[in-house]
Amino acid sequence: MSIAAFITANRSIRERLWKRVQAHAAPAPKGSKRPATQWVKPGLIGRVKHLRGEEDLRHASLQDFREVDDGSG
């Protein structure tokens, strides 16, 4: 399952997120119809704010994110 959403974030968060994306890039899934999409390995938890009544996260604002603690460290 893939989910697409437009998310706004401040410059600091965008820069941190972009560094994370570059460090955790993954190949597109077999049979992907979106080859220009940057796929990323799972491992983030994001704190988002969305408009009231928009439970599907449309028009979301990324407040912060962090790496998932998988307990292996």
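**Figure 1. Overall fold of the protein chain.** Followed along its sequence, the protein chain runs through the pattern β-α-β-β-β-β, which amounts to one helix and five strands. The model shown here and in the close-up views below is predicted. Of the 73 residues in the protein chain, 11% count as buried, and the chain exposes about 6600 Å², of which carbon and sulfur atoms supply 54%. Where contacts in the protein chain link residues at least 6 apart in sequence, 34% of them join residues at least 24 apart. A search of the whole structure finds three salt bridges, and these are the subjects of the views that follow.

**Figure 2. The salt bridge between E15 and R11 in helix α1.** The closest N and O atoms of E15 and R11 are 2.9 Å apart, and the two residues form a salt bridge. Both belong to helix α1 (residues 11–23), and because they are four residues apart there, about one helical turn separates them. E15 counts as partly exposed, with a relative accessibility of 41%, whereas R11, at 59% relative accessibility, counts as exposed.

**Figure 3. The salt bridge between D64 and R16, linking strand β5 to helix α1.** In this view the side chains of D64 and R16 meet in a salt bridge, with a distance of 3.0 Å from N to O. Because D64 lies in strand β5 (residues 60–67) and R16 in helix α1, the pair ties together parts of the chain that are 48 residues apart in sequence. D64 is partly exposed, its relative accessible area being 31%, and R16 is likewise partly exposed, with a relative accessible area of 37%.

**Figure 4. The salt bridge between R20 and E67, with R20 in a buried position.** R20 forms a salt bridge with E67, and the closest N and O atoms of this pair are 3.0 Å apart. Since R20 lies in helix α1 and E67 in strand β5, the pair ties together parts that are 47 residues apart in sequence. R20 counts as buried because its relative accessibility is 6%, and buried means under 20% relative accessible area.

Key
Residues are numbered from 1 along each chain as its sequence is written. This is a predicted model: local features need pLDDT of at least 70, side-chain atom pairs count only at pLDDT 80 or more; totals for chains, interfaces and linings use all residues. Side-chain values use heavy atoms; hydrogens and water are left out. A salt bridge is a side-chain nitrogen of Lys or Arg within 4 Å of a carboxyl oxygen of Asp or Glu. Helices (H or I, at least four residues) and strands (E, at least two) are DSSP runs, numbered from the N terminus. Buried means under 20% relative accessible area, exposed over 50%, partly exposed in between (1.4 Å probe, protein chains only). Contact means heavy atoms within 4.5 Å. Accessible areas come from the Shrake-Rupley method with a 1.4 Å probe; for residues, only the protein chains shown count as cover.
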